[in-house]
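These are my notebook entries on one protein structure. I recorded what I looked up, entry by entry.

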Amino acid sequence: MHVVVIGAGAIGSYVGGALAQSGHDVTFLARPAQYEVLRQHGLRCDKVTGKQSVSVKAVPQTQDLKPADCVLVCVKSADTEQAGRDLIPALRPDTVVFSLQNGVENAQRLESVTHRPVVPVAVYIAVSMLAAGHVVHHGGNRLVIGQAENSANNAAFFAQAGFTVTVSSHIMTVLWEKLMVNCAYNGLSALSQMPYARMMQIDGVQDVMVSLVQECQTVASALGIPSSPEIMENLFTITSAMPEQMSSTAQDLRRGKPTEIEALNGYIVRKGQELGIATPANQVILVLTRLAEKSHCLAR
């Protein structure tokens with residue numbers, strides 16, 4: 001299959017690389033620095049099982065894209081609408097569009113731009129970018145994809161590339177539970193610049209995380225989104241599964257890049273305000289991360 005990946009960051013690179021290794025024809029729409037590396041050297045992936053290199057195609061401009069069998073949108077939430085416009089040249093009537101993004105709104109935002117269905121995908125993979133074209137896998141390999149007309153084919157497509165795949169008819173609940181976990185981990189990891197296991201050793205961190213998730217649950221409930229009774233039990237299992245992982249927000253902050261905090265804790269704060277629900281813990285994380293972003297920008 002011809003696959004187009006919009007966004008050659010950590011998730012896009014890892015998933016796109018796995019699909020290329022399984023025999024698919026993968027093309028990345030990449031920024032200039034990423035484009036040059038991918039064009040000249042291909043994609044490097046460091047896994048627990050060893051270092052791998054895979055040949056992929058890359059284009060620097062949207063007009064260079066060719067119609068695809070499927071498109072993976074892997075950009076930051078703030079770039080969603082632009083990604084929707086960028087992928088138009090890659091669309092055929094039967095092209096399947098997947099959103100492999102954080103947050104709970106992005107598939108809908110893509111649909112409003114592309115005027116076609118978008119399949120949400122919840123990604124449970126810990127990866128980071130060591131450099132342009134060089135991704136490091138830390139753990140996890142699971143995808144939960146939303147129910148669609150061709151769900152069996154969608155699941156097989158990812159499963160054949162080595163991913164553990166589940167199809168969910170309640171994908172919004174899945175995305176919300178992932179959002180809650182992100183709200184608990186991402187900002188704290190970013191502000192402390194600590195991996196999860198070290199972060200958990202600090203007195204009071206778990207209490208703050210519980211407060212963050214409880215606020216998320218209150219907002220979700222008011223919106224009619226149920227959450228699993230096991231969410232609190234599962235919250236801290238991530239630490240043992242990925243002890244050395246730092247959140248994507250921490251990685252962005254370290255590199256002086258804009259974070260996705262507005263689509264995570266910021267989303268909870270905005271929805272809370274609309275619903276008249278206080279979200280003080282999420283607001284503190286949001287404001288402190290905004291301050292850290294500005295501080296890092298000034299430092300650079």
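**Entry 1: strand pairing.** I began with strand β8 (residues 119–131) and strand β9 (residues 134–146), which pair in the antiparallel sense over nine bridges. The model is predicted, so I note that local features need pLDDT of at least 70 and side-chain atom pairs count only at pLDDT 80 or more, while totals for chains, interfaces and linings use all residues. Residues are numbered from 1 along each chain as its sequence is written, and side-chain values use heavy atoms, with hydrogens and water left out. Strands are DSSP runs of E with at least two residues, helices are runs of H or I with at least four, and both are numbered from the N terminus. Two strands count as paired if DSSP finds at least two bridges between them.

Two residues lie between the strands in the hairpin of β8 and β9, where Gly133 takes a positive phi near 75°.

I also followed β9 to its parallel partners. Strand β3 (residues 43–47) is joined to β9 by three bridges, and Arg44 has His134 as its bridge partner there. Five bridges join β9 to strand β10 (residues 164–168), where Val167 stands opposite Ile145.

**Entry 2: cysteines.** How many disulfides does the model contain? In general, a disulfide is a covalent bond between the sulfur atoms of two cysteines. I counted a pair of cysteine sulfur atoms within 2.5 Å as a disulfide, and by this rule the count is zero. For Cys70, the nearest cysteine sulfur is that of Cys74, 10 Å away.

Cys70 is buried at 1% relative accessibility, and Cys183 is buried at 0%.

**Entry 3: two helices with a buried side.** In helix α5 (residues 151–159), I found Ser151, Asn154, Ala155, Phe157 and Phe158 buried. They cover an arc of only 155° around the axis, so they are on the same side of α5. The arc is that of the directions from the helix axis to the C-beta atoms. Ala152 and Asn153 are exposed on the other side of α5.

For helix α8 (residues 205–222), the buried residues include Val205, Met209, Leu212 and Cys216. The buried residues of α8 fall within an arc of 155° seen down the axis, so they line one face of the helix. Asp207 and Ser221 are exposed on the other side of α8. Just after α8, Gly224 takes a positive phi of about 80°.

**Entry 4: nonpolar cores.** A nonpolar core is a set of buried Ala, Val, Leu, Ile, Met, Phe, Trp, Tyr and Cys residues joined through side-chain atoms within 4.5 Å. Which residues have the most contacts inside the largest core? They are Val15, Leu72 and Phe98, in a core of 40 residues. Helix α1 (residues 10–21) gives the most to this core, with seven residues. Not counting residues up to four places away in sequence, Val15 touches Leu72, Leu100, Ile125, Phe158 and Phe163, where contact means heavy atoms within 4.5 Å. A second, separate core has 39 residues, among them Met199 and Leu212.

Definitions and conventions. Buried means under 20% relative accessible area, exposed over 50%, partly exposed in between (1.4 Å probe, protein chains only).
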